[in-house]
Amino acid sequence: MPLPKLSPLQSRLAASLMASVMLLLLYFVFSSPHFAYAADVDSIRPEDHNHDRLWDASFPILDDEPLELRELSYESEFLGVDRGIIGRAPTTNEPTGLTNNVPVTTNIEMGQTVSYIFHNDSLWAAKSTTEPFLLPSHLRKRDFNEGDVDTESESGDRETPGEQKLRPRQANSSTFRTLYVSVTTCLQPEPVDNTSMAAVPQLQLYISQNSNNTNPGPGKTQQDMIELVEGYAMYEVNSMADVYIGVYGKNDTAYSGVWSAEIAASIDAPYHYYHNITDSNLSLVDSDSASAFLLADNPKKFDNSTSDPGKWTKATPPFVLFASNVNDRKILGLSNSFCGLQQKAQIKPSTIGEVTSGYQTALNYKMQFGLTTRDGEVLPKQQFYVKGLTSASQYNAVLAIRGNSTDSGANVVGGGGQIFRMTTFRTLSDSNCAMIFDLPFCNNVAYAVPSNNTLNTTELGKWYDDQAQGYFQNFQKAMQQVPCETTSSAQYSLAVTCENCTASYKEWLCAVSIPRCTDFSSTAEFLQPRAMGQSLLNGSTLPIDVLNKYNRTQATNGSRVPLIDTDMKPGPYKEILPCDELCYNVVRSCPASLSFNCPLPNSIGFTESYSIAGKNGVNANRTCNWPGRVPKTSVGHQNLPSIFLALSIGVVGLMFI
């Protein structure tokens, strides 16, 4: 049967229809859309996390239950779907938002958890363009946007008490940023038993990056916890989205009251910081029965900047000092917290450079130069003179930096302050040794000297400084006989000059003419008894058994400097002898024509005149006195033999008594 003949119009219509059918078939083949499917209910359990919600939901009868009208907010209601899918309604448990470098202070009850959130938009906001004047060195020049993750602390420890670091859930450096979360305790509960010396329980810091745990705290999962150490914790977390924070106060019936805590988050650097290093950065130079003289180490060691090497000589002193008697329990549990020490320390600053008077205490701040050099560069050291202390007492001392050393408070990078490790020092028992420092001539002298309590610090220092300067004038007359201004071949030495001789002699003279004094009751073997033949300041004399213990010689009955016995009359004391290297330096540096000579160890007169400095002066200001050299404080306590010395006068000739 012949096919019907189609007209040209019909042929085009048929071709178009066939092409449409083919395109439709191709669409179904490649896209495979599922318009509907059916499956056994149990088969979807592994894949559909909303199955339980759909399976167990109670479907309301819309005709029988009236709609609930709500004011001021809109809450969507969808049949068979709970709010965990579509979003939560605002509640009182919503975490409080934190702003970059803006601290929040809150009270925390026992058993209470306070919740915070650092939002994703804040995490990826622009960083601060202001660089702190002093920032911990291991945080300088770090750009975590580029994934430069430093997992080691300043001390080289990867995980240290009070400070932890949390790795990102994905280690793609282009998708995370580092957030510093820090907490410090400003006030804490008090023990019910006011005689207790036990430390108060510490707050706990919880961190979550999971949206299923927006209120991290005890008993929750998908979170990390770190307990504060001495009122401080810092968590370094590499995150890609919202960070949830919880601060929890433990229940303890032995204590009453609340915690007051400061919480901050920063994408720039830790807002609060504790230098978790073994160096307290603070040294006791010396103390007497009512005051102490301490020295902060050179701040440039924390500064990697080389653009302005002289900035520290022009800067406001960066450090502040806190101290309390060891028997005062108020700072127990707060020694790593700037705001805690500001609240509870007995000795504390008000503002930098200002004198504060609480606990009968005054702090004098001064940048002190010229005590140490490095590669020929004079380095600054900040000194603290603390008055109003109790005799024969031990004190805890903490060096700190207010803010980042130039500014503090909200919107300041590092504005919460920096704290160094606590150390201790002790005051003397006897009142016949008194501190002097900042002398015009013997400018490196800063220690306790024999005194009779009739002169103040300034008058006492002037009396000793004038005596030393008078002896120095005799030396200058002798040096006028030496051809100093001549050709090198005509000078007395090719290795040293008259300037070297003068400097060495002055250093030795100040040490031997200004004795370093300590308690007569001190039993250290290297100490030399002095002025035993004099009466004590109260008019009594030493017991006969004590007098018989020592050989009644000129060295023990009197002082090395006769004027001390005739004019000052301090009574019995002990001194730490000058380092022998001070004497040897004079002999090495000065012309032989001046006939300087020094006693040698085990020779007559040595043990009453000098102590051995040791290799490279290792014993300086430990067992012998070397003005201007400061031994490092050991963490936990420092028992410098209460910094004493002994000296001998000799303008020329044999340099011992």
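Modeller: Begin with burial: a residue is called buried when its relative accessible area is under 20%, exposed when over 50%, and partly exposed in between. Keep in mind that this is a predicted model.

Colleague: Is Phe319 buried or exposed?

Modeller: Phe319 has a relative accessibility of 1%, so it counts as buried. This residue lies in strand β16.

Colleague: Next, salt bridges. How many salt bridges are there?

Modeller: The general idea is a side-chain nitrogen of Lys or Arg within 4 Å of a carboxyl oxygen of Asp or Glu. By this rule there are six. One of them joins Arg329 and Glu190, with 3.8 Å from N to O. The two partners are 139 residues apart and belong to distant parts of the chain: Glu190 is in strand β6, and Arg329 is in the loop between β16 and α6.

Colleague: How accessible is Arg329, and how accessible is Glu190?

Modeller: Arg329 has a relative accessible area of 12%, so it is buried. Glu190, at 37%, is partly exposed.

Colleague: Which residue meets Glu227 in a salt bridge?

Modeller: Lys250 does, at 3.0 Å from N to O. Glu227 is in strand β8 and Lys250 is in the loop between β10 and β11, so the pair ties together parts 23 residues apart in sequence. Glu227 is partly exposed at 32%, and Lys250 is partly exposed at 25%.

A further salt bridge is formed by Glu581 and Arg588, whose closest N and O atoms are 2.8 Å apart. Glu581 has 24% relative accessibility and counts as partly exposed.

Colleague: How do I read a helix, for example α7?

Modeller: Start with the span. Helix α7 covers residues 457–479, and its 23 residues reach 33 Å from the first C-alpha to the last, close to the 33 Å expected. Then look at the N-terminal end, where Asn456 caps α7 with a side-chain oxygen 3.1 Å from the backbone nitrogen of Thr458.

Colleague: Which residues of α7 are buried?

Modeller: An α-helix has 3.6 residues a turn, so residues three or four places apart point the same way. In α7 the buried residues include Leu460, Trp463, Tyr464, Ala468, Tyr471, Phe472, Phe475 and Met479.

Colleague: What covers the buried residues of α7?

Modeller: The cover includes the strands β24 and β25 and the helices α8 and α11.

Note on methods
Residues are numbered from 1 along each chain as its sequence is written. This is a predicted model: local features need pLDDT of at least 70, side-chain atom pairs count only at pLDDT 80 or more; totals for chains, interfaces and linings use all residues. Side-chain values use heavy atoms; hydrogens and water are left out. Helices (H or I, at least four residues) and strands (E, at least two) are DSSP runs, numbered from the N terminus. Buried means under 20% relative accessible area, exposed over 50%, partly exposed in between (1.4 Å probe, protein chains only). The expected span of a helix is 1.5 Å times one less than its number of residues. Contact means heavy atoms within 4.5 Å. A polar contact is a pair of N or O atoms within 3.5 Å; within protein, one must be able to donate a hydrogen and the other to accept it, and residues adjacent in sequence count only if both atoms are side-chain atoms.
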